[in-house]
Every structure is written in structure tokens, then in C-alpha cells.
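Subject: Two-chain model for you to look over

Hello,

Here is the model I promised to pass on. Please open it beside this note.

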Amino acid sequence: MSVPVLKGIDLVIGQGEFVAIMGQSGSGKSTLMNVIGCLDDFDEGEYRFAGADVRRLSLRQLSDLRSRKIGFVFQSFNLVNQISALRNVELPLIYAGRNRQMRKRVANAMLEMMGLGDRATHLPSQLSGGQQQRVAIARALVNRPALIVADEPTGSLDSETGDSIMHQLAKVNRTGTTILLVTHEQTVADHAHRIIRISDGVVLDDFSRHSEQKPAGRNP
Amino acid sequence: MSPLKRFTENLLQALVSLGDHRLRTSLSILGITIGIAAVMAVSTVSKGGNYIVYSELATFGLNSIWIYRDYRNDSPHRRSRAGSGIDNRDLAAIQGQAVRLGVSRVSPIVRGADRRPTIRKGGKFASASVIGVDSDYLDIVNDRVASGRKFNSNDLETRKQVAVVGPEIAQKLFGTLNLAVRESDTTVVIGSHRFHVIGILAPKSRDFLASIGSEGGQNANDRILIPYSTMQKINGESSISHLQVEAAEFEKANATAKALQNLLVSRHSGNFAYSYETMATHIATTDRILGGVAIVGIVAASISLLVGGMGILNMMSTAVLERTREIGIRKAVGASESDIQHQFLLEAVLISVIGGLLGLLIGVLASYLLARITGFPLIPSLVTISGALLVSIVVGILAGFLPARRAAKLHPVEALRSV
Ligand SMILES: Nc1ncnc2c1ncn2[C@@H]1O[C@H](COP(=O)(O)OP(=O)(O)O)[C@@H](O)[C@H]1O
Ligand SMILES: [Mg+2]
């Protein structure tokens, strides 16, 4: 039996936006994020990413898109446990086909930026939750993606650590990267410039807090 | 990214994962090691068996043809004649057209009235099969004179009473394998005739043939050879019991035998029928038997390789289940289906190739050792070695394919949802 999770969602997210999606548990936030992140497929409707009709892309093109244009941050960090922080950050570079020297350099720089320069060789299990999430953010950023999709990135962290993670994301956004964030905490959502509330797969409301942001950009 | 680079990357990922499950990986490697080593062992043992059989067959001469009168197939329209159907003129005729017939050597075999006469030397007795032969005979059957000399043309022409004896006889009568210097010490009595022993044959092994009950396995070392002309003098007639011929080419041995048969039939105006046997025919039969035995052995050993492959299949299936989430993560950060498939396939192939190399190492070392101990040429050929490697790669691919495919096809969102 198939039950539609998202119904009649019509969104345009512009480049460089910082959007928070809020809603109750089970309202379809993660599903929406996965669709936007080109990780999940959908039965009906249309989704264009940077002008490309996602449904017309091959699996190969989709994985290419994920490695070069999109970075994921998850509530549960989702690091590969068997390999070091550095190797984790390198993964998107590997799949994007970057050469080894470049990979090492960029991945190290990214960890440095996240304040984890001295933890590169640590395994995820040797890092705290906040550190793991920063590794995950480093990994999401390492290919300089156009879009960061963060599904409750602070959900597993205490509020202080969560706050520092949000500051990191805000900083990333200021460099022009679009950020799409799921949360059900208002304090977290307050970092964003635009908040979309959804319930039961439909958009309840959508408003921008900063008039200088133009939510009506053409496409993500 | 170039395919080679992509391969290297996936190989590294595979190595990391294998290193992470050392025990499981080593057990799977061991399975293949045992399988490949077993296949190598069987092939080495069968090689050893072949070597024994062939070296024993070579003691009859691999190119040998035996041609003799076939009493059963005499023409039914004529009265059966007495005699062996072969005489010295036939021998000369064959020697005269040896090249046309494809004959490189020919020796008459002349038997005495008593095939195993008693041999006496002082108070010592022995019994041996005695045949009269030409000097070429020793070369045809790869006999070597270990001490003393062979027959020369003078021995044959003057019908000298000289003998070349097998090592067993020499041991029994002289108590040594070295020919004594004084001629009087080498005089023996064969039946009722005095002979000088001029040579002692090197020992020959036909133990294997004897052990399987082959008639040819008998009398390897208790033979006595004398000039055929001398035997004819003793027999009082110039008939030849049969001819032993060495074909110039192994492949044409049967054609040569057929030509000899025709020649003899026509030389005797169809009065006699002749049969022949060739070593080539025996070897063809032997090859079929040995080949069959080898295949049975290889199949049996391959079962252990199959079990090794199952080990990999099992390990990879488990790995895919356990690492579902990891696969989801990799896909989320950009791994394509083929990246995942390659990674898992490479893990399987790595296991089987490492196992194969170890098995090969064990197999090669063992055959070197065995070769040193037995003196047999048992070193595996490059074909065997590369074959074993190829087989282990194929086993890895077969065992890894389905699990790798399952991993590659996992839906990223569902994979990420797994614990
Ligand atoms: N694997 C699944 N099978 C069936 N239904 C699912 C599955 N995953 C999620 N859903 C349903 O999809 C809806 C939206 O889920 P989700 O997007 O995870 O919500 P949220 O992230 O907002 O909590 C929920 O009603 C949930 O029951
Ligand atoms: Mg969710």
C-alpha cells in the first residue's frame, strides 16, 4: 500500500538562501529533504535542480550531482565508522574523481576550518557528537556544493553544541551556499532567513524574515 | 576519473573494509588457499604418476613396434606352414629400405628352445629370460650398459658366445655390479653353453607396471641378451621370433608398422599373416586412463575450491547486510551504483586472489620439495600457475557478483534508515 507523504508541495528556493523547514514528526520533512537532495525518488510532480529536470537524470547523473552539487548533514551524523575523520571527509572527493594530493589537502583544510585539524586521523567513535557533526559538515562542504541539506543537524546535540553547529552553517551560507535545514526547534530555525512550515505533506506557511533576501529566485 | 584511478580508489576502499574484518577475511582466504592448494596437489600427484608410468613405458622404447607372425590369422585357403615367418633376409630387406618405411632402428628377437634356462657360475645358479638381439636393441629399449660393453659387429658376425646380463643376474652370480677384469671370472654357463659376460645392464624400474599386474612389468632386471646370430647358431636355424623396430617418428609409428606388415606379407607371398603392436597405441590408451584419473582428481579438489567460493559468498552476503547503512552513506555522498558494485566485487576478488596466491605458493613449494625428494620433474608449468590464478579470480567474481549487485542496488534512503 502506498500512502502519499508529500502532497502539492510547490516551492522555489533560490541560490544562497538559508531556509528552515519546520513541522511535526512524521509531517514529511525528511522525505522532502531527500527529494530535494536527489536521494529519494518521487511518484508525481516535477523537481528542477539548477535547471535540470531531476526525473530525467540517470542514476549516474544523480550520483554525480550528489557528489558535486549537494552536501548532506544528518541528525545521526552518518559517518562511516571504520575510517578516519579525514577519510570520511575525502569520500565525496573520491566519488567526484579528484586526485589524491588534492583530496588530502582540501579535506585537511576543511577539517581545519571546522576546528578539527588535530582530529583528522581519529575514528568517528573517538569523537564527541559535536565533533562528529562538524566532520559531517566538513564532508558536506568539501566539494563546494551549491546546496547543503541538513536534516535536524542539531537533533542529537545539546543546545550549546547545536548552537555552534548552527553558527558554522550560517557562516557557510554567507559564502553563498544554499542551506536547507530541517528542525523543530524555533531557536534553531531562527538562524534561517526563511521558514517553511509543513504539516501532513502540505506547506502551511512560508515567510522570510529578512527582506533583503529574495525568496523568489528561480531555482535552487 | 579514469577507469584505472576509479579502480584504485575502489580497491583501497575494499582493502580498508577487509582490514576491518580480519578474522572473517582470513577464514575466507584460507578456504580458497586450501582449494587452490588441493587442485595443485592433485595436478602434481597426477604429474608424478604420469612421469612414473612414462618412464616405465620408456624402458620398452616409446617408438617401439613389435611385429610377429599371427598364427590365428593364417589364410584359411592354404595349408598352414611351419616357421616364424620372419628370417634374416626380411631383416636385411627392412634395413635396406629403412628410410622409406620410417624405421630408425630394427632388431631381431630370437628366442631359444628354453626361454628361461638355468644360468650357472661355479656353485651359483640363477634363472633368466634369454633372448638373442642385434646391437641396436639396447638403443631401441633405452638400455644402458652400466659396466663393460655392448655387442659389436664382430660379436654378431662371428657368432661369439658373449652375453650382456641384467643387474639382478650379475648380483646373483658375481656378487657385484662391476665386471671383473679377468675373463675367466666372467664365464657363465647358460643352459649348456659357455658365455662370456661382456656387459652388465643398468637397472630398470618397471615396478609400477608389475604392481598393476602387467606382464610387461616382469623381467626388468633379470634379462640376458646375447647376439641373435649366436642364438640362431644354437637353435640350428635362421628364423627370427619377432622384430622390434624403432619408428623414426612417434606419430607415424602405426603407419610404419602397417607398412612393415605389408612388406612381410608380400615377401612371403601371403603365406603368413602378421600382427603388430606399437607403443604409440599403448600410450594412447595410457593417456586416456591417466587423463581420466586426473580429471576425477581435479574435480574432487575443485569441490574444496567450490566450498571456498561459498565461504566468500557467505562472507560478502553478511557484509552487505551489516554494511547497509555504510552503503547508504556512500551513496548519499556521491557513490554511484558501479562504485559500490566494484568495491564489493573487489573485496571478493581480493580475498580469492590472496587465497589463490597463498595456495599457489604452497602448491609450488610443495612440488619443488617433492621434485627434490623424488627427482621427478614436478615443477608446475606457467600454464598451471596462471590457470590457478585465473580460476581464483573467476571464483572471486562469481562469489562476489550477487552480493555486490545487491549492495549496488540498495536504495540510498532505505539503506540510510537501517541500523
Ligand atoms: N520506510 C517507510 N515506509 C513507509 N512509510 C514511511 C517510511 N518512512 C517514512 N514514512 C512515512 O512518511 C511520512 C513522512 O516521514 P518523514 O519524512 O520521515 O517525516 P519527518 O521527517 O517529518 O518526521 C511519515 O508519515 C512516515 O510514516
Ligand atoms: Mg525526519
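Below is what I found, chain by chain, then the interface, then some individual sites.

**Ground rules**

This is a predicted model, in which local features need pLDDT of at least 70 and side-chain atom pairs count only at pLDDT 80 or more, while totals for chains, interfaces and linings use all residues. Residues are numbered from 1 along each chain as its sequence is written, chains are lettered from A and ligands numbered from 1 in the order in which they are written, and side-chain values use heavy atoms, with hydrogens and water left out.

**Chain A**

Chain A has seven helices and eight strands (DSSP runs numbered from the N terminus: helices are H or I with at least four residues, strands are E with at least two). Its radius of gyration is 17 Å, close to the 17 Å of the globule rule for 220 residues, so chain A is as compact as a globular protein of that length. The radius is taken over C-alpha atoms, and the rule is 2.2 Å times the number of residues to the power 0.38. The C-alpha trace of chain A spans about 45 × 40 × 40 Å along its principal axes.

Of its 220 residues, 52% are buried. Buried means under 20% relative accessible area, exposed over 50%, and partly exposed in between, with a 1.4 Å probe and protein chains only. Among contacts in chain A with a separation of 6 or more, 70% join residues 24 or more positions apart (contact means heavy atoms within 4.5 Å).

The accessible surface of chain A is about 10,300 Å², with 47% on carbon and sulfur atoms. Areas come from the Shrake-Rupley method with a 1.4 Å probe; for residues, only the protein chains shown count as cover. Chain A carries 26 positive and 23 negative side chains, and the centres of the two sets are 10 Å apart. Lys and Arg count as positive, Asp and Glu as negative; His and the chain ends are not counted. Each charge is placed at NZ of Lys, CZ of Arg, CG of Asp or CD of Glu.

**Chain B**

Chain B has 15 helices and 12 strands. Its radius of gyration is 33 Å, whereas a compact globule of 419 residues would have one near 22 Å. Along the principal axes, its C-alpha atoms fill a box of roughly 105 × 55 × 35 Å.

Buried residues make up 48% of the 419 in chain B. Residues 24 or more positions apart supply 80% of its contacts with a separation of 6 or more. Chain B exposes about 20,100 Å², 61% of it from carbon and sulfur atoms. There are 44 positive and 32 negative side chains in chain B, and the centres of the two sets lie 1 Å apart.

**The interface**

27 residues of chain A contact 27 residues of chain B. The two chains bury about 2,400 Å² between them, 54% of it on carbon and sulfur atoms. In chain A, Leu39(A), Gln82(A) and Tyr95(A) lose the most area to chain B, together 27% of what that side buries. Buried area here is the accessible area (1.4 Å probe) that two parts lose on being put together, summed over both.

**Sites in chain B**

*Strand β5.* Val133(B) lies in β5, residues 129-133. Val133(B) is buried at 0% relative accessibility. Its contacts beyond four places in sequence include Phe151(B), Leu156(B) and Tyr228(B). Ile131(B) is also in β5 and is buried at 11%. Ile131(B) touches Arg111(B), Tyr137(B) and Met231(B), among others.

*Helix α2.* Arg24(B) lies in α2, residues 22-58. Arg24(B) is partly exposed, at 22%. Beyond four places in sequence, Arg24(B) touches Met315(B), Thr318(B), Ala319(B) and Glu322(B). Arg24(B) and Gly311(B) are 287 residues apart in sequence but 9.6 Å apart, C-alpha to C-alpha.

*Helix α10.* Thr256(B) lies in α10, residues 253-267. Thr256(B) is buried, with a relative accessible area of 4%. Outside four places in sequence, its contacts are Ile65(B), Leu101(B), Gly102(B), Val103(B) and Ala247(B).

*Helix α12.* This helix, residues 324-332, is mostly covered: eight of its nine residues are buried. Among them are Glu326(B), Arg330(B) and Lys331(B). Just after α12(B), Gly334(B) takes a positive phi of about 120°.

Best wishes
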